[in-house]
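Try each task before reading its solution.

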Amino acid sequence: MKNQEIKFKREGYSVIIGENVINTLPKKIKILCPKTKKIALIIDKKIPKKFKENLKKKLKGYNLLFLSFTANEKNKSITTINYYLKILLSKNFNRTDLIISIGGGITGDVVGFVASIFKRGINFINIPSTLLAQVDSAIGGKTGVNTSYGKNLIGSFYQPKLVLSDTSLINSLPKKEMICGYAEILKHSIIKDKKFFIWLKKNTQSILAKKSKQLIYAIKRSCEIKMFFVEKDVNEKNMRMVLNFGHTFAHAIEVKNNYSKKITHGEAVLSGMILATRLSVIRKICSLNVLKQILNIYLQNNLAYTIKKYSRQVEIDKLIPYLKNDKKNNDDKINFILLKNIGKTALPNKSKISVKSLKKLSKIISQY
Ligand SMILES: NC(=O)c1ccc[n+]([C@@H]2O[C@H](COP(=O)([O-])OP(=O)(O)OC[C@H]3O[C@@H](n4cnc5c(N)ncnc54)[C@H](O)[C@@H]3O)[C@@H](O)[C@H]2O)c1
């Protein structure tokens with residue numbers, strides 16, 4: 001499949017998706033950052049060496065600074081930001097120079113934040129290297145770091161000059177990281193696009209098997225859907241919340257498990273989407289058939305293990321205290337994004353449920 005380009009006019013940048021799309025980088029830099037002389041490339045340590053060597057060759061006309069990064073939530077911190085800022089200052093980088101991030105969501109969030117505050121904003125190009133980053137985190141302009149008070153609490157909104165999603169980077173990605181990206185792809189189809197959901201029914205196996213053609217289409221459609229919601233709600237007051245479908249439960253699952261590696265974010269999202277759909281059925285805004293259709297995709301692709309635990313009332317009850325702390329809550333009720341049909345959610349802030357009612361419902365939720 002040939003390279004795909006999505007132009008986000010309002011934000012002023014494009015996402016280019018394709019196998020070996022990295023080859024277009026020199027030409028793009030010339031057009032988008034014509035005054036650039038120095039380029040800092042902050043690169044996830046797990047990116048294969050040959051990718052780095054290829055970049056070195058392609059950008060040989062520039063003064064290059066390669067900096068490596070160990071991607072984990074602990075290093076997504078202000079200390080790391082300071083470390084990179086000091087290096088850039090000591091090497092006399094200007095705003096007309098360029099910073100490139102090559103890595104997953106953690107690397108992109110950190111490097112994007114550095115770019116946004118370095119001399120009040122330096123050119124930034126994002127080369128996302130995980131499926132999750134290609135379908136989700138590299139789009140929408142959020143950057144930031146964690147603090148001891150919680151995840152992603154310090155940050156900025158900052159748009160890149162370009163996002164290059166090279167599907168050849170996905171080849172080295174472990175299966176559990178593939179599932180993380182896939183969970184967001186599936187979410188995008190469920191909240192906005194029934195046709196895409198039907199396409200996923202047929203093509204999930206190819207996506208998980210890293211087939212380039214299917215990956216390119218799934219990434220493209222996901223980026224378009226995410227951007228649809230982001231553009232409707234730049235300040236994250238309302239419609240952008242739809243993107244949190246399944247994430248209220250997922251967040252509770254992750255916090256309850258202390259963000260342990262035993263359950264990844266993607267697996268928590270897969271569990272969360274089923275729990276939110278069951279809740280939608282119980283509240284009579286969604287049919288049982290919709291739940292069955294979603295469950296079928298899990299069953300056909302060996303993903304049903306993510307929901308097994310939550311067929312027990314006691315496990316759902318254990319999540320309730322953590323649901324209360326979700327950032328979408330603006331009173332003492334829990335603010336869910338519920339589903340009406342495949343491709344359509346209920347409006348944000350219209351499905352608030354008290355802890356007391358949820359405790360009464362947990363038995364029924366576990367029985368679906
Ligand atoms: N900014 C946003 O809008 C947004 C949205 C969603 C998630 N996020 C953030 O994204 C982060 C999660 O992103 P992620 O899942 O990409 O995590 P990540 O960046 O930690 O990458 C996952 C793992 O894959 C490795 N890796 C990266 N690229 C690889 C490759 N090509 N081959 C082999 N291994 C590779 C990394 O080293 C890491 O171990 C979280 O911190 C989350 O808060 C941000």
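**Exercise 1.** Work out how helix α10 and helix α11 are oriented relative to each other, and which residues make their contact.

*Solution.* Keep in mind that this is a predicted model.
- Step 1: start with the axes. Those of α10 (residues 265-282) and α11 (residues 288-300) come within 9 Å and cross at roughly 165°.
- Step 2: classify the angle. Angles over 145 degrees count as roughly antiparallel, and α10 and α11 are therefore roughly antiparallel to each other.
- Step 3: get the handedness. α10 passes α11 in a left-handed crossing.
- Step 4: list the residues. From α10 come L270, M273, I274, T277, R278 and V281, and they meet L288, V290, L291, I294, L295 and Y298 of α11.
- Step 5: sort them by class. The contact of α10 with α11 holds 10 nonpolar residues, 1 polar and 1 charged.

**Exercise 2.** Find the two domains and describe the side of domain 1 that touches domain 2.

*Solution.* 
- Step 1: the domain assignment gives domain 1 as 4-172 and domain 2 as 175-367.
- Step 2: their C-alpha centres lie 28 Å apart.
- Step 3: count the contacts. 21 residues of domain 1 are in contact with 21 residues of domain 2.
- Step 4: on the domain 1 side, the elements that give two or more residues are β1 (4-8), β2 (13-18) and α5. α5 gives the most, with 5 residues.
- Step 5: this side of domain 1 splits into 9 nonpolar, 8 polar and 4 charged residues.

**Exercise 3.** Which residues are closest to the ligand, and which helices supply at least two residues of its shell?

*Solution.* 
- Step 1: 26 residues surround the ligand, and the closest are G104, G105, I106, T130 and S137.
- Step 2: α4 (105-117), α5 (131-137) and α6 (175-192) each supply at least two residues of the shell.
- Step 3: the shell divides into 8 nonpolar, 10 polar and 8 charged residues.

Conventions:
Residues are numbered from 1 along each chain as its sequence is written. This is a predicted model: local features need pLDDT of at least 70, side-chain atom pairs count only at pLDDT 80 or more; totals for chains, interfaces and linings use all residues. A residue is near a molecule or strand if its C-beta atom, placed from the backbone, lies within 6 Å of it. Helices (H or I, at least four residues) and strands (E, at least two) are DSSP runs, numbered from the N terminus. Ala, Val, Leu, Ile, Met, Phe, Trp, Tyr, Cys and Pro count as nonpolar, Asp, Glu, Lys and Arg as charged, and the others, Gly among them, as polar. Domain bounds come from an automatic or database domain assignment. Two residues are in contact if their C-beta atoms, placed from the backbone, lie within 7 Å. Axes are lines fitted to C-alpha atoms, for helices over the stretch in contact, and angles run from 0 to 180 degrees between N-to-C directions. Angles under 35 degrees count as roughly parallel, over 145 as roughly antiparallel, 65 to 115 as roughly perpendicular and the rest as oblique. A crossing is left-handed if the near helix is turned anticlockwise from the far one by less than a right angle, and right-handed if clockwise.
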